[in-house]
Amino acid sequence: MADERVKGEAAEDGRRTFVVVANRLPVDEVVTDTGKEWRRSPGGLVTALHPILAGHRGIWVGWAGAAGPASAPFEVDGIALHPVALSESDIVNYYEGQSNSTIWPLYHDAVETPAFHRHWREAYREVNRRFADATDRVAPPGSAVWVQDYQLQLVPAMLRERRPDLRIGFFLHIPFPPIELFMQLPGREEIIRGLLGADLVGFQTPLGAQNFLHLAHHLLGLRRRGLSVSVEGRSVRAGSFPVSIDVGEMEALVDTIDVRARADEIRSELGRPKTLILGVDRLDYTKGIQHRLNAYRELLSEGRLDTPETVLVQVATPSRERVEHYARLRENVEREVGRINGEFGRVGAPAVHYLHQSYSRSELAALYRAADVMAVTPLRDGMNLVAKEYVAARTDLGGTLVLSEFAGAARELRQAYMCNPHDINSIKDALMRAIEADRSEAAKRMHSMRRYLRDHDGRKWASDFLTTLGAAA
Ligand code: ADQ
């Protein structure tokens with residue numbers, strides 16, 4: 001019933017011409033004095049897309065985040081939200097299984113061994129079908145639909161079959177692997193065919209686009225012309241669209257009196273160290289947290305760094321805790337933190353402050369502003385927004401960025417102190433170069449990264465993609 005009503009409404013409301021389809025809806029349910037309410041979530045994707053969605057009175061199709069039947073459609077900040085239901089078994093098989101235990105590790109260079117199960121694949125297909133059906137019901141005729149990320153790679157083809165009138169874009173937020181790795185994936189052709197349902201398939205880097213085009217040729221024999229392949233008389237284009245952040249929002253935040261005061265307070269609470277090294281990551285095995293800790297421990301034990309004049313603050317946001325790889329990672333990281341503190345800490349002055357918590361934007365901004373060295377050392381990362389947030393936060397041109405060559409961001413933030421995170425010596429050297437950097441040299445580097453970032457923010461990302469798709473941005 002509800003769906004019929006909405007289909008009618010959407011079709012009548014000609015102003016709604018843009019649909020985003022993502023695993024999660026861009027809202028969180030929060031408990032207030034007067035009951036529960038939905039609030040726009042602070043994520044980067046939401047921020048980058050919000051102006052376009054609000055301008056077009058857009059539609060967002062996604063899961064609301066809890067198991068069980070979907071609630072009726074609702075509206076937040078002018079965006080029409082259409083929940084898709086996931087059962088507990090869908091969460092186990094489609095989300096934790098196929099998405100996060102098969103595709104996620106495989107696409108990140110198999111830094112953890114991917115698991116392959118036929119019932120996970122079946123659940124993935126079934127949930128993708130559900131998203132395609134939900135989108136079919138709400139997308140106005142001729143509208144542009146932008147499908148997001150690795151959980152929904154089959155949706156473009158499923159949607160095209162149902163709705164040839166739509167302009168369909170797809171963007172992958174994580175790396176797209178080289179052919180040797182991708183070929184391990186059971187159902188590999190189905191994924192490529194799924195993506196080819198789009199008019200435009202976007203990746204974080206040119207290499208991702210190349211890998212995809214290469215696979216379309218290798219698996220399906222499709223001939224490419226430049227960055228396009230022709231599929232059943234249609235042209236499908238691939239391209240690189242590096243995702244970014246709301247630079248202005250971060251700059252405004254760090255320049256508030258509260259955030260500045262908090263940054264100073266953080267340094268004071270830490271005992272005013274000479275060098276504050278900061279790590280901020282989802283607790284994920286792709287982020288290289290263990291490698292970073294190992295490098296730090298070796299620098300301390302070799303006496304190249306000393307406590308308490310050096311302190312590492314590692315924020316590790318809880319993530320995917322029911323997935324086995326993640327539970328094991330947490331144990332390993334916490335053991336290593338304990339070991340470093342046991343060896344190098346003092347009463348009231350640990351060598352590592354480990355925080356397994358989520359923070360508000362302003363607390364993160366204060367941490368960025370307080371840090372001398374931001375250590376971003378993923379083994380593989382589609383982009384890494386933390387690196388960009390740090391650069392945006394340094395309106396004072398202070399601080400240095402240590403960045404993994406294996407993060408998409410390394411193609412853009414070229415003046416960072418680069419490292420190969422698989423090589424502990426390389427992390428150690430990059431940390432030392434960043435710590436010992438001459439102030440004016442470091443400020444020059446920060447200045448040029450900031451200039452780049454201001455010209456390449458999240459709005460530009462979204463508008464470049466949508467313009468290439470041929471949808472108004
Ligand atoms: P993620 O793997 O989640 O994203 P990342 O790009 O670093 O990684 O974004 C993390 C976001 O979470 C940042 O905005 C950060 O501020 C926030 N965050 C981290 N720790 C937090 C904490 N403790 N409290 C609150 N917020 C915290 C995926 C891909 C990336 C890609 C993005 C966007 O894996 O490679 O950059 O999508 O495309």
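**Ligand and strands**

Mentor: Let's start at the ligand: one of its oxygen atoms has a polar side-chain atom of histidine 173 at 2.7 Å. Keep in mind that this is a predicted model, where local features need pLDDT of at least 70, side-chain atom pairs count only at pLDDT 80 or more, and totals for chains, interfaces and linings use all residues. Residues are numbered from 1 along each chain as its sequence is written, and side-chain values use heavy atoms, with hydrogens and water left out.

Trainee: How much of the ligand does the protein cover?

Mentor: On its own the ligand has 720 Å² of accessible area, and the protein covers 84% of that. Accessible areas come from the Shrake-Rupley method with a 1.4 Å probe.

Trainee: How do you know where the ligand lies relative to the domains?

Mentor: Domain 1 (2–244 + 459–472) and domain 2 (247–455) both give residues to the shell, so the ligand lies between them. The bounds come from an automatic or database domain assignment.

Trainee: And the strands: why are S15 and S18 said to stand at the edges?

Mentor: Look at the open sheet of six strands, ordered S15-S14-S13-S16-S17-S18 with parallel pairing. Strand S15 (352–355) and strand S18 (417–419) each have a single partner strand, so one side of each is left without a neighbour in the sheet. From one strand to the next, the twist averages 20°.

Trainee: What makes S17 and S18 a pair?

Mentor: Two strands (DSSP runs of E, at least two residues) pair if DSSP finds at least two bridges between them. S17 (residues 400–404) and S18 have three, so they pass. Within that pair, valine 402 has tyrosine 417 as its bridge partner.

Trainee: Which way do S11 and S12 pair?

Mentor: S11 (residues 228–231) and S12 are antiparallel, over four bridges, with valine 229 opposite valine 236. They form a hairpin with two residues between them, and glutamate 232 in the turn has a positive phi of about 45°.

Definitions and conventions:
Polar contact = N/O pair within 3.5 Å; in protein donor to acceptor, adjacent residues only side chain to side chain. Axes fitted to C-alpha atoms, helices over the stretch in contact; angles between N-to-C directions.
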